[in-house]
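Subject: The structure, and what turned up in it

Hi there,

Here is the structure I promised to pass on. Have a look at it first, and then read on for what came out of it.

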Amino acid sequence: MAAFVVALQVQGRRCLVVGGGAEATSKALRLVEAGAEVTVVSPEIEPALDSSRARGRLAWVPRAFDASLDLAEPPFVVISTDEAAHEAVRSASKAAGALVCCVDAPALCDFYLTAQGACGPMTLAVASEGRAPMLARLLRDELVRQLDAPMRALGDAMVALRARSAPGSRRAVISKALEGFSVEIRVNLPHARSRDDE
């Protein structure tokens, strides 16, 4: 994989989502949860987005993407879920200096969204660089299912241990406490896998 995977800090930063369907809803709500100032541009939006708008969690502009209006104040991040608008969104957003993700069009992306899930105090992220998003989501769900309870208990204990350990000895204390840690995961592959001739 060629991508350099990082966690992007969007809290308090303006982010634009183009599109109002299920994909736009998922992406916009993730940005909202991360503390971003989110604007959704789309003639129509899903009920979940409208509910968030009504509660003041995001802004909705009920029309098609218009670079002269939507990028007048350049956003930090732009996510396009509207395939018909990808090229225009990409070109204008890059010119405005924004990071761009065009969903289901990896070649047009500056970054790829990961399948994320919470496991105690940690966030798991599975990345496929936009090439296998459904598999990434399935793997995320299974990892969270198997790991959430034990990682929640262990993570809470490690957070508490870190808080009461002296800075100079913290690494050694935590390393000692984690001795013997391991994870075993069983993978069941589907019986019918895709073939080139199918």
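Predicted model: local features only at pLDDT ≥ 70, side-chain atom pairs only at ≥ 80, totals over all residues.

Let me start with the inside. The largest nonpolar core has 20 residues, and those touching the most other members are Val17, Leu31, Val38, Val40 and Ile79. By a nonpolar core I mean a set of buried Ala, Val, Leu, Ile, Met, Phe, Trp, Tyr and Cys residues joined through side-chain atoms within 4.5 Å. Buried stands for under 20% relative accessible area, exposed for over 50%, and partly exposed for what falls in between (1.4 Å probe, protein chains only). Two or more residues of this core come from each of β1 (14-18), α1 (22-33), β2 (37-41) and β4 (77-80). Helix α1 gives the largest share, four residues.

Residues are numbered from 1 along each chain as its sequence is written, and side-chain values use heavy atoms, with hydrogens and water left out.

The chain as a whole

The chain has six helices and seven strands, in the order β-α-β-α-β-α-β-α-β-β-β-α-α along the sequence. Helices (H or I, at least four residues) and strands (E, at least two) are DSSP runs, numbered from the N terminus. The C-alpha trace spans about 55 × 55 × 35 Å along its principal axes. Of the 198 residues, 33% are buried. The accessible surface is about 12,500 Å², with 54% of it belonging to carbon and sulfur atoms; these areas come from the Shrake-Rupley method with a 1.4 Å probe, and for residues only the protein chains shown count as cover.

Contact here means heavy atoms within 4.5 Å. Taking contacts between residues at least 6 apart in sequence, 44% join residues at least 24 apart.

Is β1 enclosed or open? Five of its five residues are buried, so β1 is largely enclosed by the rest of the structure. Both of its faces are covered, with Arg14, Leu16 and Val18 buried on one side and Cys15 and Val17 buried on the other. Val17, one of the core residues named above, touches Ala24, Ala28, Leu31, Val38, Thr39, Val40, Val41 and Ile79, leaving out residues up to four places away in sequence.

Strand β1 pairs with β2 in the parallel sense over five bridges; two strands pair if DSSP finds at least two bridges between them. Arg14 has Glu37 as its bridge partner in β2, and Leu16 stands opposite Thr39. Four of the five residues of β2 are buried, so this strand too is largely enclosed by the rest of the structure.

The β6 and β7 hairpin

Further along, β6 (residues 115-119) and β7 (residues 122-126) run antiparallel and are joined by five bridges. Ala115 of this pair stands opposite Val126 in β7. The hairpin has two residues between the strands, and Gly120 takes a positive phi near 60° there.

Some single residues to look at

- Asp104 lies in the loop between β5 (99-102) and β6. It has a positive phi of about 65° although it is not a glycine, and it is exposed, with a relative accessible area of 63%.
- Ala127 sits in the loop between β7 and α5. At 29% relative accessibility it counts as partly exposed. Its C-alpha atom is 26 Å from that of Leu178, which is 51 residues away along the chain.
- Ser165 is in the loop between α5 (133-164) and α6. At 9% relative accessibility it counts as buried. Setting aside neighbours within four places in sequence, Ser165 is in contact with Arg170 and Val173.
- Glu179 is found in the segment after α6 (170-177). It counts as exposed, at 56% relative accessibility. The C-alpha atoms of Glu179 and Pro121 are separated by 19 Å, and the two residues are 58 apart along the chain.
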